[in-house]
Amino acid sequence: MFGNYLIGLREGLEASLVVCILIAYLVKTERRDALVPIWTGIGVAVALALGFGCALTFGSQELTFQAQEALGGTLSIVAVALVTWMVFWMRRTARHLRAELHGKLDSALRMGTAALVATAFLAVGREGLETALFVWASVRASGDGSHGPLLGVLLGLLTAVVLGWLFYKGAVRINLAKFFTWTGAMLVVVAAGVLAYGVHDLQEAEFVGGLQDKAFDISATVPPDSWYGTLLKGVFNFQPDPTVLQVVVWLLYLIPTLVFFFAPARSAAKPPTGAEAAVRPR
């Protein structure tokens, strides 16, 4: 449940911050007439995300078992790719997000109502679609049949909305760069579990071999139906009897991704050559 709460919090807070920045800028510049198109674009983006989530949930039920596993495995891998790109992008742009959105909004204000709707829709819609896809993949990976994963997502989204409102009111001041760095790192761990489960789905669909090659089996030590087994499953998508391929994919994704994620940003400036240094004024 915690893993799904983290997904809802992280993705929801990004969308909440985008909405807060757009609304606050319009209010500050006395362009309240543009609020209706902005809220319209936000509403359409939320409806699209909900529709996408429903299509994934109910549409997959009509498929055969093999097709369900193939679809689930493929979309899990796509979801992990999108979330990985998102956490790296937010880590890089968190400090400059406000200025970037202000520039896009200024351009949209000059172009008219349709551009305002499109700006809000694109800003929030990307987060909504990513959230719907990753939540669907994570809930499917949990596979416990309870409402705990969805409850965790909803609580995370609710927390994000409250934090967004507090940001707007100026009641909360935190270092967003650090916040997105550490929540991004935790989300990478969750994504590694989703990726491993996606590989397992493809193995069950017989798209990938090795289903019978177990890396280890500690089901007797960590029963899946125990409270601690359920906790590990909910937080890390832990499986007590993974295949060799699952473990290999988990390690190949998690370790390099965290290394690159925490690596210090490189400066784009190049040191001057000897000739350049000689002619540079002192």
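**Helices, loops and a trio of phenylalanines**

Modeller: Gly 112 sits in the loop that separates helix H4 (97-111) from helix H5 (113-142). Helices here are DSSP runs of H or I with at least four residues, strands are runs of E with at least two, and both are numbered from the N terminus. This is a predicted model, in which local features need pLDDT of at least 70 and side-chain atom pairs count only at pLDDT 80 or more, while totals for chains, interfaces and linings use all residues. Residues are numbered from 1 along each chain as its sequence is written, and side-chain values use heavy atoms, with hydrogens and water left out.

Colleague: Why is Gly 112 called partly exposed?

Modeller: Buried means under 20% relative accessible area, exposed means over 50%, and partly exposed is what lies in between (1.4 Å probe, protein chains only). Gly 112 has 24%, so it counts as partly exposed. The C-alpha atom of Gly 112 is 9.6 Å from that of Pro 37, 75 residues away along the chain.

Colleague: What makes the whole protein helical in your description?

Modeller: There are ten helices and zero strands. Of its 282 residues, 44% count as buried. The unreviewed UniProt entry annotates "transmembrane region" at several stretches, among them 6-27 and 70-88; such annotations may be inferred rather than shown by experiment. In the model, residues 6-27 are 100% helix, with end C-alpha atoms 31 Å apart, and residues 70-88 are also 100% helix, with ends 28 Å apart.

Colleague: Why are Phe 88 and Phe 261 called an edge-to-face pair?

Modeller: Rings of Phe, Tyr and Trp (its six-membered ring) pair if their centres lie within 6.5 Å; planes under 30 degrees apart are stacked, over 60 edge-to-face, and the rest tilted. A search of the whole structure finds two aromatic pairs. For Phe 88 and Phe 261 the centres are 5.4 Å apart and the planes make 90°, hence edge-to-face. This pair links distant parts of the chain, with Phe 88 in helix H3 (residues 65-93) and Phe 261 in helix H9 (residues 244-262), 173 residues apart. Phe 261 also pairs edge-to-face with Phe 262, at 5.4 Å and 85°. Together, Phe 88, Phe 261 and Phe 262 form one aromatic cluster.

Colleague: What makes Glu 206 worth a look?

Modeller: Most residues other than glycine have a negative phi. Glu 206 is not a glycine, yet its phi is positive, about 65°. Glu 206 lies in the loop between helix H7 (176-204) and helix H8 (227-236). With a relative accessible area of 68%, Glu 206 is exposed.
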